Amino acid sequence: VEFANHLGKLDESLENPDPLISAPDPQSETRMSNTLPKARDGFTSTFGVLAATLGSAVGLGNIWKFPYLTGENGGAGFLLVYVIATLLVGLPVMISEIMLGRQAKSDAVSGLIKLAPKGQPWWLIAAMGVTAAFLIMSFYSEVAAWVFAYIFKAASGEILSTDPAVTGAAFNSLITDPLQSLLWQWLVLALMGGILLMGVSKGIEAVTKRLMPVLFILLLVIGIRSLTLPGASEGLHFLFSPDFSKVTAGVVLTAMGLAFFKLSIGMGCMMTYGSYFRDDQHIPLTTVRVMCADLFVSMLAGIAIFPAVFAFGFEPTAGPSLLFITIPAVFASIPFGHLFMVLFFVLSAIAATGAMLSILEVPVSVLSERFHMSRRRATLINLLVLGAVGSTCALSNSTLADVQIAGKTFFDLFDFVSSNVLMPLGGIFLCLFVGWVWGFERMKTALTNGGELELPILKPLFFITRYVSPPLILIVMLKGLGLF
Ligand code: PHE
């Protein structure tokens, strides 16, 4: 027992190398819990922070949205705009958001109330974020539902056909069946609820820490498989040699929306996760790492998908169904394709899980902290509401297919409004808040961890946050929406 105790201590000290900032000893915590409020749950190690934050960023955005949008919008030109948007807009917004979260150490709504001057309604950004979280989760959980269902379909060999007409029919029979669509969605929601109930460190952190490495390995294996196919170079050409004739204002907005969606920013998610960061965490460095890793995963997904698409003569422009119709047909044409297809959908399910946990954590933390509910109750209420709101997306291809607003089904509408309106708006206001209300000095203290860290990028970062990002996001948004 003593040895095990010793090992436990060793493990802890490895995760928290600096004794001054290590997590409180659990024994003294219980001793003190009579007098002090219970310590707030949070991420316990640097790797845990990275895994959870990356788990939020990496998701169906990389594996489903990025490839199909790149395919639809002409390939490399779109990719380039997306990378520029990520650097110029994504990075400053993400750093600001995590910083505000860690400073406030509470849910997004309470956080902005705490940080803003008395009486100024900046918390509305977080309220908008909670709305965005519901919209995103509604369609996201449905795409995740298809992914989970596809693991079984891939394993049974049902979608193992080189003929897109066959794989297309299989996909259609899934999405046009209201019962299957709903049941899979609720199953996914219940699974996420189960993980969230375990809490931040024991649920979110523990799960993402184990799953993220698996994801990287699987993606590498599939990427190498795709690259070694004869005829792969055409796919690489599509992905990496830009043709700017296809880049319109609408395409730029789509690319920027993707940057927001990818980095989980502009809707309070990174603020919530930031509130679980430890005080010694290097925020800009963590952000840059997550951003690079996320871009890397998107590239890998592109490299896994496009060479194979071209090698077998499929069209890259299939749209949202690219992942579910084209990809199975591509895998069916590859040696060991059956195995790789199962792996691919397992990987997609893993990616979707980390992202969904983070989306749900936004409203769950607001209910449990702001409204003093138990975590269990907060999770259950959110799941019930989502089960109802989300069903509009689950039924968007069947019962509710004809219910359209501005020519879009609920599924498409929620996707469009969240990525292209709510998240960019949230980003604008977050930058305005940090740049004009919070100010340079506070940002400096927060990002240098009270003067501990050297940060040469601080001044340019503040400049961009204050002067560049807000008007840039606004112009791209209005122009993309055709409003001027
Ligand atoms: N970033 C996630 C993805 O790319 C989606 C997401 C959006 C997660 C918003 C959290 C918040 O799949």
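Contact here means heavy atoms within 4.5 Å. This is a predicted model, where local features need pLDDT of at least 70, side-chain atom pairs count only at pLDDT 80 or more, and totals for chains, interfaces and linings use all residues. Residues are numbered from 1 along each chain as its sequence is written, and side-chain values use heavy atoms, with hydrogens and water left out.

View 1. Leaving out residues up to four places away in sequence, Phe345 touches Val147, Tyr150, Ile151, Ala154, Leu323, Phe324 and Pro328. A nonpolar core is a set of buried Ala, Val, Leu, Ile, Met, Phe, Trp, Tyr and Cys residues joined through side-chain atoms within 4.5 Å. Buried means under 20% relative accessible area, exposed means over 50%, and partly exposed is in between (1.4 Å probe, protein chains only). The largest such core takes in 163 residues, and Leu100, Phe324 and Phe345 have the most contacts inside it. Helix α7 (residues 124-156) gives this core its largest share, 22 residues. Helices (H or I, at least four residues) and strands (E, at least two) are DSSP runs, numbered from the N terminus.

View 2. Of the 29 residues in α14, 23 are buried, so the helix is mostly covered. How far apart are the end C-alpha atoms of α14? They are 42 Å apart, which agrees with the 42 Å that its 29 residues should span at 1.5 Å a residue. That expected span is 1.5 Å times one less than the number of residues. Just after α14, Gly313 has a positive phi of about 70°.

**View 3. Pro316 in its loop.** Pro316 sits in the loop between α14 (283-311) and α15 (326-332). Is Pro316 buried or exposed? Its relative accessibility is 7%, so Pro316 counts as buried. Setting aside neighbours within four places in sequence, Pro316 is in contact with Gly71, Glu72, Phe238, Phe306, Val309, Phe310 and Leu322. Gly235 is 81 residues from Pro316 in sequence, and their C-alpha atoms are 9.1 Å apart in space.

View 4. The loop between α13 and α14 holds Phe277. Phe277 counts as buried because its relative accessibility is 3%. Beyond its neighbours within four places in sequence, Phe277 is in contact with Phe43, Val49, Thr53, Ile98, Arg102, Ile283 and Thr286. From Phe277 to Gly435 is 158 residues in sequence and 22 Å in space, C-alpha to C-alpha.

**View 5. Helix α6 under cover.** In helix α6 (residues 108-115), 6 of the 8 residues are buried. Those buried are Ala108, Val109, Ser110, Gly111, Leu112 and Leu115. What covers the buried residues of α6? The cover includes α5, α7, α13 (269-274), α16 (337-370) and α18 (410-438).

**View 6. Ser264 between two helices.** Ser264 is in the loop between α12 (249-263) and α13. With a relative accessible area of 7%, Ser264 is buried. Not counting residues up to four places away in sequence, Ser264 touches Ser56, Ala57, Cys269, Met270 and Met423.

View 7. A salt bridge is a side-chain nitrogen of Lys or Arg within 4 Å of a carboxyl oxygen of Asp or Glu, and the structure holds 9 of them. Lys209 pairs with Glu205, with the closest N and O atoms 3.9 Å apart. Both lie in helix α10 (residues 200-227), 4 residues apart, about one turn of the helix. Lys209 is partly exposed at 23% relative accessibility, whereas Glu205 is buried at 1%. Another salt bridge joins Lys246 and Asp243 (3.9 Å, N to O); Lys246 is partly exposed at 44%, and Asp243 is partly exposed at 31%. Asp280 and Arg278 form one with their closest N and O atoms 2.8 Å apart. Here Asp280 is partly exposed at 30%, while Arg278 is buried at 12%.

View 8. Leu80, Ile84, Leu88, Phe244 and Leu472 make a nonpolar surface patch of about 410 Å². Patches are made of residues with over 30% relative accessible area and no salt bridge, with like charges joined within 9 Å and nonpolar side chains (Val, Leu, Ile, Met, Phe, Trp, Tyr) within 5 Å. Accessible areas come from the Shrake-Rupley method with a 1.4 Å probe; for residues, only the protein chains shown count as cover. Helix α5 (residues 76-104) supplies the largest share of the patch, 3 residues. Leu472 is in helix α20 (residues 458-480) and is partly exposed, with a relative accessible area of 31%.
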